[in-house]
Amino acid sequence: MTLTLVHPTQAHQSAFLAAVRHSQPLLDGWIFPPETPQAYADFLSRYAAETHVSYLAIAPDGSLIGCINLNEIVRGALQSAYLGYYGFAPHQGRGWMKLALREVITHAFDRHGLHRLEANIQPANRRSIGLVQSLGFRHEGFSPRYLRIDGEWRDHERYAITAEEWDT
């Protein structure tokens with residue numbers, strides 16, 4: 001299995017928005033990615049900042065597998081970021097996101113010079129929790145009412161990994 005990682009650009013807008021539409025049953029309630037051209041433009045603007053990096057994972061057939069983001073990158077003594085990700089149908093459950101995440105995590109530590117990544121996941125999202133655990137993330141705790149999603153404060157489980165723990 002080989003995939004390509006690219007930074008999202010305006011050229012990806014149509015494919016990205018189509019993948020989001022096609023994946024609504026998969027994404028619904030967990031995450032709300034850009035669904036309109038304006039929201040996609042805002043997404044590109046956000047990930048043009050030094051404190052954010054985004055990757056699109058592309059399958060050999062050219063279809064989008066998913067999106068992986070390094071958010072709120074903090075430099076200095078911390079060298080840390082929050083890891084966010086979502087997959088697109090019909091690629092779920094086939095190991096593509098695990099492969100893509102493995103590459104992005106390696107980039108985070110090697111190319112971006114980060115020391116720590118943290119993933120915050122809603123407790124009922126068992127597939128996502130299983131994914132980060134399979135990559136070596138350790139459970140650090142529970143954060144009640146951690147993140148506002150779709151107008152509601154939602155609990156999250158906290159998982160993290162450091163560069164020293166990462167086994168590429």
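## Arginine 116 and its surroundings

Leaving aside its neighbours within four places in sequence, arginine 116 is in contact (heavy atoms within 4.5 Å) with Gln79, Ser80, Ala81, Phe109, Arg138, Glu140, Ala160, Ile161 and Thr162. This is a predicted model, in which local features need pLDDT of at least 70 and side-chain atom pairs count only at pLDDT 80 or more, while totals for chains, interfaces and linings use all residues. Residues are numbered from 1 along each chain as its sequence is written, and side-chain values use heavy atoms, with hydrogens and water left out.

Arginine 116 belongs to strand β5; helices (H or I, at least four residues) and strands (E, at least two) are DSSP runs, numbered from the N terminus. Because its relative accessible area is 17%, arginine 116 is buried, where buried means under 20% relative accessible area, exposed over 50% and partly exposed in between, with a 1.4 Å probe and protein chains only.

## Glutamate 165

Glutamate 165 is found in the segment after β7, and it counts as partly exposed because its relative accessibility is 36%. When neighbours within four places in sequence are left aside, glutamate 165 is in contact with Arg138 and Ala160. A polar atom of the side chain of glutamate 165 also lies 2.7 Å from the backbone nitrogen of threonine 162.

Seven strands form an open sheet in the order β1-β2-β3-β4-β5-β7-β6, with mixed pairing; two strands pair if DSSP finds at least two bridges between them. At the edges stand β1 (4-6) and β6 (138-149), each with a single partner strand, so one side of each is left without a neighbour in the sheet. The strands β1 and β2 run antiparallel and are joined by three bridges, and valine 6 has leucine 56 in β2 as its bridge partner.

Helix α1 (residues 13-22) lies across β2, β3 and β4 and runs at about 100° to β3, whereas helix α3 (residues 37-46), which also lies across β2, β3 and β4, runs at about 45° to β3. For these angles, axes are lines fitted to C-alpha atoms, for helices over the stretch in contact, and angles run from 0 to 180 degrees between N-to-C directions.

## The nonpolar cores

A nonpolar core is a set of buried Ala, Val, Leu, Ile, Met, Phe, Trp, Tyr and Cys residues joined through side-chain atoms within 4.5 Å. The largest one has 33 residues, and those with the most contacts inside it are Leu70, Tyr85, Ile105, Leu117 and Phe137. Helix α4 (96-110) is one of the elements that give two or more residues to this core, and its eight residues are the largest share. Apart from this core lies another, of 15 residues, among them Leu27, Tyr40, Leu64 and Phe88.

## Aromatic pairs

The structure holds six aromatic pairs; rings of Phe, Tyr and Trp (its six-membered ring) pair if their centres lie within 6.5 Å, and planes under 30 degrees apart count as stacked, over 60 as edge-to-face and the rest as tilted. Phenylalanine 16 and phenylalanine 88 form an edge-to-face pair, with 5.6 Å centre to centre and 90° between the planes. This pair links distant parts of the chain, with phenylalanine 16 in helix α1 and phenylalanine 88 in the loop between β4 and α4, 72 residues apart.

Methods: Polar contact = N/O pair within 3.5 Å; in protein donor to acceptor, adjacent residues only side chain to side chain.
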